[in-house]
Amino acid sequence: MLKLDAVKDNDSKKKLNKEQLTAVKHQKGPLLIIAGAGTGKTTVVTERIKYLITSANVKPSEILALTFTEKAAKEMQDRVYEALPYGYSDMWISTFHSFCDRILRLEALHIGLDPKYKLMSEAECVQIVRNNLFKFNLKYFRPMGNPTKFVAGMLQHFSRLQDEDTSPNEYIHWVRKQKEKNKKLSEEARIELEKWEELSGAYKTYNEIKIKEALMDFGDLIVKTLELFKARKNILKIYRDKFKYILVDEFQDTNFVQNELAIILSGKSKNITVCGDDDQSIYRFRGAAVSNIIQFKKNFPRAKVVVLTKNYRSTQEILDKAHDLIKFNDPDRLEAVEKIDKKLIASSKGKTKGDKIEFIHRDRVENEADEVAKKIKEIVKQNKYDFNDFAILVRANNHAEPFGRAMSRLGIPYQFLGPGRLFKQAEIIDLISYLKVLYNFDDSVSFYRLLSIDYFDISARDLAAIGNYARRFNLTFYETCRKVDDIFIGLKTKEKIKKILDIIDKHIRLAKKETAGQILYYFLRDSGLMQKLINPDSSEAQKKAANISKFFDRLKTYEVDHEDATVSAVVDWIELSSELGESPLAADTDWTEVNAVNILTAHSSKGLEFPVVFLVNLVSNRFPTVERREQIPIPDKFIKEVLPLGDYHLEEERRLFYVGMTRAKDLLFFTAADYYGEGKREKRLSPFIFEALGDEVLSSEQLTIKSKQLSFLDYKPQRSGILPTVPTTGYKPSIHIDYLSYSQIETFRICPLHYKLKYIYKIPTLPSAPLSFGTSIHTALRDFYRLIKIDEKPSVKFLLSLLEKNWIR
């Protein structure tokens, strides 16, 4: 083990301040680290892990580090692994869900669950309810016109019950008690009770279906793990003994059941460190309970509290105004509850004062956006900042459009950093359209999309001619293309369409026995699109190739999880996922490398920082938004978190505004307009402006100019010499590789192009016979040893039955 001197050296390199060092070197017992915005929270958590390993003689395998998102878990893991020598890779650093999934895969049999359960996505949860609808005996929640109307709402209801660790039996028992207690009910109360009775029964049915079919949703992972630990004290002891130290990052984002899991794991030693900031709790819509961090001292009365207030990001002006704003959430804050001082102090050189926050107020939203664009251009001209130093924070994704248009009009490069949905990307819609054509020839919209793919280069005039012919003779696009010789279009277009029809005919015959992924592979190969994919000639082409690679990866996962992965099944799954707004994220690109203004939501900005920030659309009903209640709220009886004294929705919006303010390093602007869209009524300014700026609102507001309406001349694009250029020739895409296996090296040695297709772009290929055989043997042996470890008697017959079950055909 390394000695304390090594850590002291490391401390000096990291230049940890006094409070950070206190948190890092805390010995035993519960520790609450209250880390304000920009105070080096992640650094403290990772340094504490390193300190425990290198100086406190704690084995890496004895540390459990939990966080809220995969991104945060990966960042923490990378930082720890970079700082520690090789051989420290057996630490458990993961999200709560990943941790529970790992536990249940090993121990689920102890509570009668199948450890080979399938984890369902939201779309699959909806599908399972729809497929079993008549088992639910619904009356109140099954309108005849649309029998599945309330399925998503019911599932959200069940998910909230899971967040509060409420079982179906508890729910049913509560309903019975209500019926016994209230014998004489009014008509309204009787209907309400019948609704709860129906929901409690549906909740139980839903759980029974999942257990019977070896299925789990994400809420089950935590609930079942907690159930396992409560019911099987022997298993709980194993993991309490294993994890001597528990660390939870972003503790303010945990829900009730996650908090219970952390408490039960900490055991008698109570070596639990939690790090968070109640003022940055912004995920209530996901079930997060800010009361977890506020009530931590009640759960652990002897907990040491360390408050990090030295901010290494923002100017003191920004920090003071942000503190003025967030104090309006008192008394529902840790600062008030624990009687501590959380006011942040600017500790970076040159940040002790800072420029005043400027307030831009215009009459219409397009003029507000225009003024933001002009202000950005003006600041860039002063040669202080590049375009990628700017961030425009909107409250919702659909508020970004006017600002994008304003940037385009002034020739300012910009990028939207919202969650890019894979199924919404143009190149993926093209591939989905091809599957839809194979699924249903009458889908003219998809067929038109197929013909419009850039690679086929069919002119707009010829597409219009095909469309006119189809309308004239009341034909589908597919039927029209079958009569292509009768339409007045170019000869080259006729040849292309005939080639596309030949490919469709060929693939229709294959669709009965091949998976959707394999069919799409044949389409890329037969159409010639594969060649374009292999040799991207620009960064945009590389991004499209990466998205197609990710789509194939997702199809491969679907094929593993579902017996039926035919074209029809995959199309149904994609349509249901799109309907629910559920889609994998598009391929990641390094947005920091692009010199463009960043437009993103306030939620997406969490964890980021920018030299210049614009908080926009600051009017009532936009920021703060109107409260959106759950479709089917759970009964108050089951809400176990301690609710705030004030308006929890307004407090959550205020915390989100605080997060937005504290993203700014140097300059911060507030902007608003009187009118949005076609609204006739003037909007009221957001109360948060006045809470943050107080009496300085008028002095910080720019003179409201009665702007003239934008004319068509304003839409002429202005060319800028500083727009980022994208090379179209001689382009060399960057390829990042973290890991090379023997198989990958051997594949590359035999054929580099084969390696590129298989491992970089992940184009599916049929598994070889040796690979299928090896996988079958490995899975059978794994199940054999897992089952005999529990209670099964070993025998050749039993082993052969497992091989038969796991044999890949």
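User: Which residues is Leu308 in contact with, leaving aside its neighbours within four places in sequence?

Analyst: In this predicted model, Leu308 is in contact with Glu19, Gln20, Ile33, Ile34, Ala35, Gly36, Thr39, Val44 and Leu344, once its neighbours within four places in sequence are set aside. Each of these counts as a contact because heavy atoms lie within 4.5 Å. Leu308 itself lies in strand E8, residues 304-308.

User: Why does Leu308 count as buried?

Analyst: The relative accessibility of Leu308 is 3%. The term buried applies under 20%, so Leu308 at 3% qualifies.

User: How far apart are Leu308 and Lys18 in sequence and in space?

Analyst: In sequence, 290 residues separate Leu308 from Lys18, while their C-alpha atoms are 9.4 Å apart in space. For the protein in general, 79% of the contacts between residues at least 6 apart in sequence join residues at least 24 apart.

User: In which sheet does E8 stand, and why is one side of E8 left without a neighbour there?

Analyst: E8 belongs to an open sheet of six strands in the order E3-E2-E6-E7-E1-E8, with parallel pairing. E8 and strand E3 (92-95) stand at the edges of this sheet, and each has a single partner strand, so one side of each has no neighbour in the sheet. From one strand to the next, the twist averages 15°.

User: What makes strands E1 and E7 a pair?

Analyst: Four bridges join strand E1 (residues 31-35) to strand E7 (residues 272-276), and the two run parallel. At least two bridges are needed for a pair, so four are enough. One of the bridges has Ile34 with Gly276 of E7 as its partner.

User: Which strands does helix H5 lie across?

Analyst: Helix H5 (residues 96-107) lies across strand E2 (63-67), E3 and strand E6 (245-248). The helix runs at about 115° to E3.

User: What is the order of the other open sheet, and which strands stand at its edges?

Analyst: Six strands make up this open sheet, in the order E11-E16-E15-E12-E14-E13, and their pairing is parallel. E11 and strand E13 (414-416) stand at the edges; each has a single partner strand, so one side of each lacks a neighbour in the sheet. Direction ignored, neighbouring strands here are turned by 25° against each other on average. Helix H17 (residues 365-381) packs on the sheet and touches E11, strand E12 (390-394), strand E14 (597-601), E15 and E16; the direction of H17 makes about 140° with that of E11.

User: Why is strand E16 described as largely enclosed by the rest of the structure?

Analyst: E16 spans residues 664-675, and nine of its twelve residues are buried, so the rest of the structure encloses most of this strand.

User: What makes E16 a partner of both E11 and E15?

Analyst: With E11 (residues 358-364), E16 pairs in the parallel sense over six bridges, one of which links Glu358 to Phe669. With E15 (residues 610-615), E16 pairs in the parallel sense over five bridges, including Val613 with Leu668 and Val612 with Leu667. The requirement is at least two bridges, so E11 meets it with six and E15 meets it with five.

User: Which elements make a right-handed β-α-β unit with E16?

Analyst: E15, helix H28 (residues 648-661) and E16 make this unit. The crossover is called right-handed because, with the strands pointing away from the viewer, the path from the first strand over the helix to the second runs clockwise.

User: How do you know that the span of helix H3 agrees with its number of residues?

Analyst: H3 (residues 41-54) has 14 residues, which at 1.5 Å a residue should span 20 Å; the end C-alpha atoms are 20 Å apart, so the two values agree. H3 is also mostly covered, with 14 of its 14 residues buried.

User: Which residues touch the most other members of the largest nonpolar core?

Analyst: Leu451 and Phe551 do so, in a core of 56 residues. Beyond its neighbours within four places in sequence, Phe551 is in contact with Leu422, Phe423, Ile428, Leu431, Ile432, Leu520 and Ile574. A second, separate core has 43 residues, among them Leu113, Ile264, Leu265 and Ile294.

Methods: Residues numbered from 1 in each chain as written. Predicted model: local features only at pLDDT ≥ 70, side-chain atom pairs only at ≥ 80, totals over all residues. Heavy atoms only, no water. Buried < 20%, exposed > 50% of the residue type's maximum accessible area, 1.4 Å probe, protein only. Axes fitted to C-alpha atoms, helices over the stretch in contact; angles between N-to-C directions. Expected span 1.5 Å × (residues − 1). Core = buried A, V, L, I, M, F, W, Y, C linked by side-chain atoms within 4.5 Å.
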